[in-house]
Amino acid sequence: MANMNRPTHPTRVLMLLENAGIPEDHRVVREAEALMKVGLTVTIICPTCGPQKWSETVRGIQVYRFPASFSPQGFLGYLWEYGYSTAMFFLISTYVFLRRGFDVVHVHTPPDLTAVVAICFQCFGKKFVFDHHDLSPELYLARGDDVRPNRVYRVLLFFERLACSRANRLIATNKSQQAVQIERSGAKAEHCYVVRNGPNEAFLIDVEPLAELRQPGRLVLGYVGIIGIQDGVDYMVRVVRELKTAHGRSDCLAVIVGHGPALADLKRLAKELAVESEILFTGRIPFELVPSYIASFDLCLTPDPSNPYNDSCTTIKTMEYMALSKPTVCFRTKENEYTAGNAALYADNNDIAAFTERVLQLMDDPALRQQMGQRARQRIDESLRWERQAEELVRLYEGLWE
């Protein structure tokens, strides 16, 4: 276990976060809190998420926000969104540098372009920690119709290599991402750490289910998370249709909790497939209600399809399902199998019919659901709690000046 005393070098950490806000990004908040527990000070710059103050203290973290940009599609859209956010990071980080000072620039990505801010401050003797949440080149391809590498992919690959080669320390959420950092992008293996996601403490206590979701004679199939193109929630809608038309099942209610850019298209798809009455779309809900929704599910779905992007992702929703002792059905990916192990059933080749069969297997076997739910919670308790990951993060910072 890492020494959890304060590191010998006093540090002030500046975190840059582009694709989410604070306190909405729970991983970033937990990382900041883990560092503050050992005596570091943390400042975060991020975009606004709705009506929020430009400057405030959130759970002991000084947060500076800038207006979120609209996100047009295509190459010009990427130039605008990422160029704008990078300019805002430069502006506000310069203000923080002059007013508060910092010793480390901790960059959360995507986009990897944000690394240029940290690289500039390296010229002033500041350390650069690269926190690789997602593989930007693969994420770009997963969001589009054409999976062939193009000029945007190549530009994103350039900035990924730049960030990985210049960072003093690197964080990946799993071994798959770490391998990309080292083998594709030139990072030194001894500088790379894995700090996995872990379920929030709110998912590790007894939670009361929502009575309004429990309907006599109907099982609840649940999904919680972002609804983006790459998240594959349309597969869940198609599974519901398969259950209804191919298997004649009307004894289930699918609950899709969350919001995102693909939500409107998802609702249209449900209407086109005539399964509107079988699906409840909650939209955005307060985070504190998420555990209660999951506690109401009989089984959970992780419908993210297998592709180069999702194959490298550790999905936090799956760990939240597991923490609340829920069985999961998902497509077979390396990281899904590492996370869930024998607490999930897997469908191969993004096959909707196979996925539906796994769902039916759990629907019709309550003993198996209970058994898999117990295995799920055991895996969380034994190796996937956040406290274990926080120790690795602190160890990284302890060695930053060695």
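Student: Is D348 buried, partly exposed or exposed in this predicted model?
Tutor: Buried means under 20% relative accessible area, and exposed means over 50%. D348 has a relative accessible area of 34%. That value falls in between, so D348 is partly exposed.

Student: Which residue forms a salt bridge with D348, and how far apart are the closest N and O atoms?
Tutor: Side chains of opposite charge can pair when their charged atoms come close. The partner of D348 is R332. R332 is itself partly exposed, with a relative accessible area of 33%. The closest N and O atoms of the pair are 2.6 Å apart.

Student: Which parts does the pair R332 and D348 tie together, and how far apart are they in sequence?
Tutor: R332 lies in the loop between strand 13 (328-331) and helix 11 (334-340). D348 lies in the loop between strand 14 (344-347) and helix 12 (352-363). The pair therefore ties together parts whose separation in sequence is 16 residues.

Student: In the salt bridge of E160 and R184, which residue counts as buried?
Tutor: The two side chains meet at 2.8 Å, N to O. E160 is in helix 5 (residues 151-166) and R184 is in helix 6 (residues 175-184), 24 residues apart. R184 has 24% relative accessibility, so it counts as partly exposed. At 0% relative accessibility, the buried residue is E160.

Student: How many salt bridges does the structure hold?
Tutor: One of them joins D381 and R385, with the closest N and O atoms 3.0 Å apart. D381 is partly exposed at 31% relative accessibility, and R385 is partly exposed at 25%. Salt bridges that share partners also join R27, E31 and D131 into one network. The number of salt bridges in the structure is 20.

Student: What span should helix 13 have, and how far apart are its end C-alpha atoms?
Tutor: Helix 13 covers residues 366-384, which makes 19 residues. At 1.5 Å a residue, they should span 27 Å. The distance between the end C-alpha atoms agrees with this: 25 Å.

Student: Why do the buried residues of helix 13 line one face?
Tutor: The buried residues of helix 13 include L368, M372, A376 and I380. On the other side of helix 13, A367, Q370 and Q374 are exposed. Seen down the helix axis, the buried residues line one face because they fall within an arc of 165 degrees.

Student: What is the strand order in the open sheet of six strands?
Tutor: The pairing in this sheet is parallel. Its edge strands are strand 11 (279-283) and strand 14, each pairing on one side only. Neighbouring strands are turned by 25 degrees against each other on average, direction ignored. The order is 11-10-9-12-13-14.

Student: Which residue in strand 13 stands opposite L301?
Tutor: Strand 12 (residues 299-302) and strand 13 pair in the parallel sense. Three bridges join them. Opposite L301 stands V329.

Student: Which strands stand at the edges of the open sheet of eight strands?
Tutor: The order of this sheet is 3-4-2-1-5-6-7-8, with mixed pairing. Its neighbouring strands are turned by 20 degrees against each other on average, direction ignored. Each edge strand has a single partner strand, so one side is left without a neighbour in the sheet. The edges are strand 3 (55-58) and strand 8 (192-194).

Student: What unit do strand 5, helix 3 and strand 6 make?
Tutor: Strand 5 (residues 104-109) and strand 6 pair in the parallel sense over six bridges. V107 stands opposite F130 in strand 6. With helix 3 (residues 115-122), the two strands make a right-handed β-α-β unit.

Student: Which residue in strand 7 is the bridge partner of V129?
Tutor: Strand 6 (residues 127-132) is mostly covered, with five of its six residues buried. Strand 6 and strand 7 (residues 169-172) run parallel, and four bridges join them. In strand 7, the partner of V129 is R169.

Student: How far apart in space are V105 and V233, C-alpha to C-alpha?
Tutor: V105 is found in strand 5. V105 is buried, with a relative accessible area of 1%. V105 and V233 are 128 residues apart in sequence. In space, C-alpha to C-alpha, the distance between them is 35 Å.

Technical notes:
Residues are numbered from 1 along each chain as its sequence is written. This is a predicted model: local features need pLDDT of at least 70, side-chain atom pairs count only at pLDDT 80 or more; totals for chains, interfaces and linings use all residues. Side-chain values use heavy atoms; hydrogens and water are left out. Buried means under 20% relative accessible area, exposed over 50%, partly exposed in between (1.4 Å probe, protein chains only). Two strands pair if DSSP finds at least two bridges between them. A crossover is right-handed if, with the strands pointing away from the viewer, the path from the first strand over the helix to the second runs clockwise. A salt bridge is a side-chain nitrogen of Lys or Arg within 4 Å of a carboxyl oxygen of Asp or Glu. The expected span of a helix is 1.5 Å times one less than its number of residues. The arc is that of the directions from the helix axis to the C-beta atoms. Axes are lines fitted to C-alpha atoms, for helices over the stretch in contact, and angles run from 0 to 180 degrees between N-to-C directions.
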